[in-house]
Amino acid sequence: MNPIWVVARKEISSFFDSLVAYVFLIVFLLICGIFTWLYGLFVQDIFIRGQADLMAFFINGALPAIGLFIPSITMGMIAKEWKSGTIELLLTKSLSNYQLVIGKYLACLLLIVAALVFTIPYIVTISQIGDLDLGRTLSGYFGLLLISSAYISLGLFASSLTEDQVVAFVISLVLGICFFLLFSVLASNLQGIGSEFFDFASFFSHYEPMVRGVIDTKDVIFFLSITFLGLLLTINQISKRR
Amino acid sequence: MDILIRNLSKHYGSQKAVDNISFEVKTGEVLGFLGPNGAGKTTTMKMITSYLTKGSGEILIGGKTFDQEDMRKHIGYLPEHNPLYLDMPVLDYLKFCASLQKVPSNQIDTQIRKMVRQCGLNNEKHKKIGELSKGYRQRVGLAQAMIHDPEILILDEPTTGLDPNQIVEIRALIRQLGKEKTVILSTHILPEVEATCDRILIINEGKIVANGTSETLRRQASGNKLLKLRISGADSNQIHAALSGLASAKMVDIVNAEQNRFELQSSEGTLNEDVFKLCVKNNWVLLEMVPFETRLEDIFRDLTLN
């Protein structure tokens, strides 16, 4: 079996063996449910909008939930290995730095996929009460996956910087606040090149077209580049400490 | 598989952790790695297992340089503080290690059963590692190191935390494994080295200060034979004079004049006979004659305390 998959499988089973996966899934669905159906945080909730789309879920529910939960699942990924010394066990076996990091990345991504699978009833419900644009919905899900992928790789990098999980959590949360919120705010408040730069760096400005059903290669490449960069920095950080 | 280390060095900042060491371990040999804390034992082992990148020098395993991950499957490694995933059950953990070491999937179960038996984990195999006592955790650490039947075993303090019975078992296991495999073990328990190792390597401040079997080390360290005597039948000065007259005696000390206790040092083998014959000739009674071997502890102290 490929070592990447061995690592990923171990992480996934430890998610489900501990309470992490269940707590994560329950709270994820709770947040998504409240902000999609009951209370509109950024855009109005489904009933007030009166449109058969998942805009409320994509912007109100999933985005904050992902922004909050990815740091909590990535924080221990590498920090815990440093702290307990288990990284020494892993890296003296037939496993390279990159296989370790990618295995962990996949495990986190799969947990997010599992959480998103549980929101399929939303699609079913809304398609019953109105004429749902399926292409647009799938494009939104695709965007969520890309944004998660980018944020997971940043979270893993934060986790590789320190032995302390709390520090790793705070670092990735700060990174998240920057990419999800702060950069968009700066982009709208600044003018000229500053505005353009922050608009380019903001996750939201690349995600928002996908919610509208526009998949632009530029946006896809943006998220994949962030993912790649994050993983590369993580691998580099591990090599550096050896 | 032989291990050949040539001019290996490693710096931490300006501090030299390992300073230009060279040695060789042959297949079927158990090498004991001794040294005070911070001497560079663990650093050397970590470099051999490729966890740490080497500073300079060469590590040849089976004649090849150790750069590819592929070579790691020939090595079983028990790190110093025996890090383990405490929330994993023993069997799952062993399975995880076996898959990482690329044990073919149809052999994984056989290997796990073998390790569970060999390391005495049968009653604990379904428990989580965090629920196990230190001794059992150590066994799990050993089991994961040997799960893929490696040709080389590197064990950093393998018997810490074990009770005396377990220590005996694990030593026997290491000795048995050492017949076919190449084993390097580090320890600070000196009798352990004598009990398990074919050869001893003492390292101090990053340098090798002794390398050989325990007998060789003893010979090198003292060079002299020490004999403790208690003789009655004459005045201590008289006996002292007679003992000093022996051709084979190099140095004679009176330890206790009233009890007629003496200490003799000699490099020659016939000292015991000569003393006996001297007593018979003078009609003295030889109450005690204790040959005194230099203990490994003393050699260790001599070599590592500057």
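Modeller: In this predicted model, 10 of the 13 residues of H4(B) are buried, so the helix is largely enclosed by the rest of the structure. Helix H4 covers residues 134-146 of chain B and reaches 19 Å from its first C-alpha to its last, close to the 18 Å expected at 1.5 Å a residue. Taking buried to mean under 20% relative accessible area, the buried positions are Gly135(B), Gln138(B), Arg139(B), Val140(B), Gly141(B), Leu142(B), Ala143(B), Gln144(B), Ala145(B) and Met146(B). Within chain B, these buried residues pack against strands E6 (75-78) and E7 (152-156), and also against helices H2 (90-100), H3 (108-118) and H5 (164-178); from chain A, helix H5 (86-91) joins the packing.

Turning to chain A, its secondary structure consists of 12 helices and 0 strands, and its radius of gyration is 18 Å, close to the 18 Å that the globule rule gives for 242 residues, so chain A is as compact as a globular protein of that length. Its C-alpha atoms fill a box of roughly 55 × 45 × 30 Å along the principal axes, and buried residues make up 54% of the 242 residues. Among contacts in chain A between residues at least 6 apart in sequence, 74% join residues at least 24 apart. The accessible surface of chain A comes to about 10,600 Å², with 70% of that belonging to carbon and sulfur atoms, while the mean positions of its 13 positive and 15 negative charges are 11 Å apart.

Notes:
Residues are numbered from 1 along each chain as its sequence is written. Chains are lettered from A and ligands numbered from 1 in the order in which they are written. This is a predicted model: local features need pLDDT of at least 70, side-chain atom pairs count only at pLDDT 80 or more; totals for chains, interfaces and linings use all residues. Side-chain values use heavy atoms; hydrogens and water are left out. Helices (H or I, at least four residues) and strands (E, at least two) are DSSP runs, numbered from the N terminus. The expected span of a helix is 1.5 Å times one less than its number of residues. Buried means under 20% relative accessible area, exposed over 50%, partly exposed in between (1.4 Å probe, protein chains only). Contact means heavy atoms within 4.5 Å. The radius of gyration is taken over C-alpha atoms; the globule rule is 2.2 Å times the number of residues to the power 0.38. Accessible areas come from the Shrake-Rupley method with a 1.4 Å probe; for residues, only the protein chains shown count as cover. Lys and Arg count as positive and Asp and Glu as negative; His and the chain ends are not counted. The place of a charge is taken as NZ of Lys, CZ of Arg, CG of Asp or CD of Glu.
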